[in-house]
Amino acid sequence: MNRSPRHDRILQLVRENGFMPIEELARLLDVTPQTIRRDINQLCEANLLRRYHGGAALGNSVENEDYFARKGKFQSEKAHIADMIAESIPDHASLFMSIGTTIEAVAQALAQSHKGLRVITNNIHVASILSANADFTVMITSGVVRASDGGITGVATLDFINQFKVDYAVLGVAGIETDGSLLDFDYREVRVAQAMMGNARHRFLAADHSKFGRNALVRMGHVSEFNELFTDAQPPEALKKLLDDLGVHIHLAEPLPI
């Protein structure tokens with residue numbers, strides 16, 4: 001899905017009002033109801049909105065999509081983001097890698113191109129991918145394994161992470177609001193991400209375009225806490241200005257061939 005300015009305006013109106021009727025959106029945006037229905041369907045497919053009879057509301061803020069559904073979405077975009085991150089990490093670096101399908105794509109890119117990395121992760125899929133490279137040292141955190149996606153969380157996870165100070169933290173996020181708030185669904189997962197952020201010298205945020213404006217329940221932090229954002233599309237204008245003002249560098253993947 002390529003987000004248009006109209007998509008961003010629809011999301012803004014729904015966020016401000018909680019629910020927006022199709023006819024009202026069509027009037028405000030000066031397009032036909034059929035166009036609005038098509039836009040809403042695209043935003044629903046990206047899990048940014050939920051369609052209801054006669055209109056739309058924000059997507060589910062309480063529960064994330066199924067892991068396999070997320071893994072199947074935006075694979076090319078995630079691979080482009082992963083390649084950019086891999087190019088920004090030198091050989092023989094130390095890093096944290098968190099939970100998420102985009103982070104798993106980063107692991108694939110690193111495993112194919114790097115040597116001498118020291119990686120600490122709470123993601124059993126990332127650990128499996130990276131351990132195929134015999135030149136890496138891969139450490140997996142203590143804690144409770146989440147059956148849904150192989151993520152590891154809990155007090156033991158935090159204790160393990162707080163023993164280290166690494167060069168890079170490579171983290172994903174469920175949603176980024178236009179005010180720079182970073183959102184996720186699981187409080188325990190957020191605690192782990194915050195510990196990684198606090199124990200890394202450089203912090204990289206990986207987020208495909210569907211994360212811009214997406215709703216989620218738990219506040220992970222703010223974009224100002226990251227040095228670089230890696231994405232596949234320009235953020236909404238208000239967020240882009242904020243990132244520029246904060247000095248957070250945006251790495252934008254090349255457009256995919258049509």
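Two strands are taken as paired if DSSP finds at least two bridges between them. The model is predicted: local features need pLDDT of at least 70, side-chain atom pairs count only at pLDDT 80 or more, and totals for chains, interfaces and linings use all residues. Residues are numbered from 1 along each chain as its sequence is written, and side-chain values use heavy atoms, without hydrogens and water.

**View 1. Three strands form an open sheet in the order β10-β11-β13.** Pairing in this sheet is antiparallel. Strands (E, at least two residues) and helices (H or I, at least four) are DSSP runs numbered from the N terminus. β10 (175-176) and β13 (218-222) are at the edges with a single partner strand each, so one side of each has no neighbour in the sheet. β11 (residues 181-184) and β13 are joined by four bridges; L182 has G221 of β13 as its bridge partner.

**View 2. Helix α9 (residues 187-198) lies across β11 and β13.** The helix runs at about 15 degrees to β13. Axes are lines fitted to C-alpha atoms, for helices over the stretch in contact, and angles between N-to-C directions run from 0 to 180 degrees.

**View 3. Helices α1 (residues 5-17) and α3 (residues 33-45) pack at an angle of about 80 degrees.** Their axes are 11 Å apart. The two helices are therefore roughly perpendicular to each other (angles of 65 to 115 degrees). R6, H7, I10 and L11 of α1 make the contact with T35, I36, D39, Q42 and L43 of α3 (contact: heavy atoms within 4.5 Å).

Methods:
Parallel < 35°, antiparallel > 145°, perpendicular 65-115°, else oblique.
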